[in-house]
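Hi,

Here's the model I promised to pass on. Could you have it open while you read? My notes follow below.

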Amino acid sequence: MIHHMGDESGSQSHVLSVVVCGAAPASSAGTLVREAVSRGWTVQLIVTPSALPFLDVESLGALSGGPVRSQYGKPGDPRSLLPEAIIVAPATFNTINQWALGIADNYALGILAEQTGLEIPVVAIPFVSQALAVRPPFQRSVKALRAEGVSVLLGPGGIEPHPVHTEAEYADAFPWLLALDEVSGMTGFGFADTELALARVTPGAASGHSVWDNV
Ligand SMILES: Cc1cc2nc3c(=O)[nH]c(=O)nc-3n(C[C@H](O)[C@H](O)[C@H](O)COP(=O)(O)O)c2cc1C
């Protein structure tokens with residue numbers, strides 16, 4: 001059983017870590033943060049060094065109300081909170097492959113390396129071209145992460161890879177809210193109002209099982 005603990009500033013509940021990687025949808029990560037906060041999550045933002053040029057750290061931090069971390073603190077600095085769930089979106093080819101292999105050469109990968117080994121629900125939405133998605137290393141990585149219990153929302157019911165060099169068009173349709181719905185299915189927390197209503201009238205709808213369980 002994992003205990004989700006606060007730091008020196010006090011105990012916090014329903015902490016959601018959001019890991020943002022370096023791909024076009026990163027510029028609209030605020031959409032996810034805003035909705036997550038409105039669904040009751042305390043959002044803890046982690047961005048890869050490659051994601052930094054894609055986003056506005058200051059406004060993202062303002063939306064989450066907390067720091068945006070992209071690198072390790074110094075020894076003795078306050079630790080980040082252990083989250084109740086993690087969303088990795090957009091998840092790049094690079095991060096998915098390194099994560100699956102256990103490579104931890106930046107802060108985001110270090111967090112994923114360690115916390116995938118805990119009983120923390122993790123949801124990833126890749127954003128990759130069709131050319132990258134057909135590569136055997138990528139397919140092996142997705143399979144390996146799923147085997148570790150990571151919900152990778154790729155394929156039917158999730159996101160489809162886009163044709164090469166069309167990322168600008170596809171970025172606008174990035175399915176941020178799918179990640180939140182999936183996290184709610186896995187944790188039983190943070191349902192949108194309509195889902196909550198559905199869960200009340202549909203036995204099993206909020207059972208913690210996911211539509212992607214068998215993918
Ligand atoms: C403008 C631009 C768009 C990119 N789009 C993607 C993308 O859609 N998917 C992807 O996997 N990588 C994309 N990349 C490449 C990643 O940013 C690169 O592989 C980087 O090393 C990823 O680092 P990260 O996984 O640590 O975020 C893009 C890079 C740039 C500069």
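"Meet" here is a contact, that is, C-beta atoms, placed from the backbone, within 7 Å of each other. Sorted by class, that α3 contact with α6 has 9 nonpolar residues, 2 polar and no charged. For the classes, Ala, Val, Leu, Ile, Met, Phe, Trp, Tyr, Cys and Pro go down as nonpolar, Asp, Glu, Lys and Arg as charged, and the others, Gly among them, as polar.

Two housekeeping points before I go on. This is a predicted model, so local features need pLDDT of at least 70 and side-chain atom pairs count only at pLDDT 80 or more, while totals for chains, interfaces and linings use all residues. Residues are numbered from 1 along each chain as its sequence is written.

Back to the geometry. Helix α3 covers residues 93-101 and helix α6 residues 136-147; their axes come within 9 Å and cross at roughly 55°. That makes the pair oblique, the label for whatever is left once angles under 35 degrees are called roughly parallel, over 145 roughly antiparallel and 65 to 115 roughly perpendicular. Axes are lines fitted to C-alpha atoms, for helices over the stretch in contact, with angles from 0 to 180 degrees between N-to-C directions. The α3/α6 crossing is left-handed, meaning the near helix is turned anticlockwise from the far one by less than a right angle (clockwise would be right-handed).

The other pair is α1 (residues 29-38) with α2 (residues 57-64), at an angle of about 10° and with axes 9 Å apart. These two helices are therefore roughly parallel to each other. On the α1 side the contact uses Ala29, Gly30, Val33, Arg34 and Val37, and on the α2 side Ser59, Leu60, Leu63 and Ser64. By class that gives 5 nonpolar, 3 polar and 1 charged residues.

Which residues does Gly30 touch, leaving out those up to four places away in sequence? Ser59, Leu60 and Leu63. Gly30 also sits 9.8 Å from Trp176, C-alpha to C-alpha, though the two are 146 residues apart in sequence. Gly30 counts as partly exposed because it has 16 C-beta neighbours inside 10 Å; the scale is buried at 20 or more other C-beta atoms within 10 Å, exposed at 12 or fewer, and partly exposed in between, with C-beta atoms placed from the backbone.

Next, the ligand. Of the 15 residues around it, Cys21, Gly22, Thr48, Ser50 and Thr92 come nearest, where "around" takes a C-beta atom, placed from the backbone, within 6 Å. Helix α3 gives the largest share of that shell, 3 residues. The shell splits into 8 nonpolar, 6 polar and 1 charged residues.

- The peptide bond from Ala89 to Pro90 is cis, with omega near -15°, and Pro90 lies in strand β4 (residues 85-91).
- His14, in the segment before β1 (15-20), has a positive phi near 50°.
- His165 has a positive phi too, near 65°, and is exposed, with 9 other C-beta atoms within 10 Å.

For the whole chain, there are 9 helices and 6 strands, taken as DSSP runs (H or I of at least four residues for helices, E of at least two for strands) and numbered from the N terminus. Of the 215 residues, 38% count as buried.

Cheers

Technical notes:
Two residues are in contact if their C-beta atoms, placed from the backbone, lie within 7 Å.
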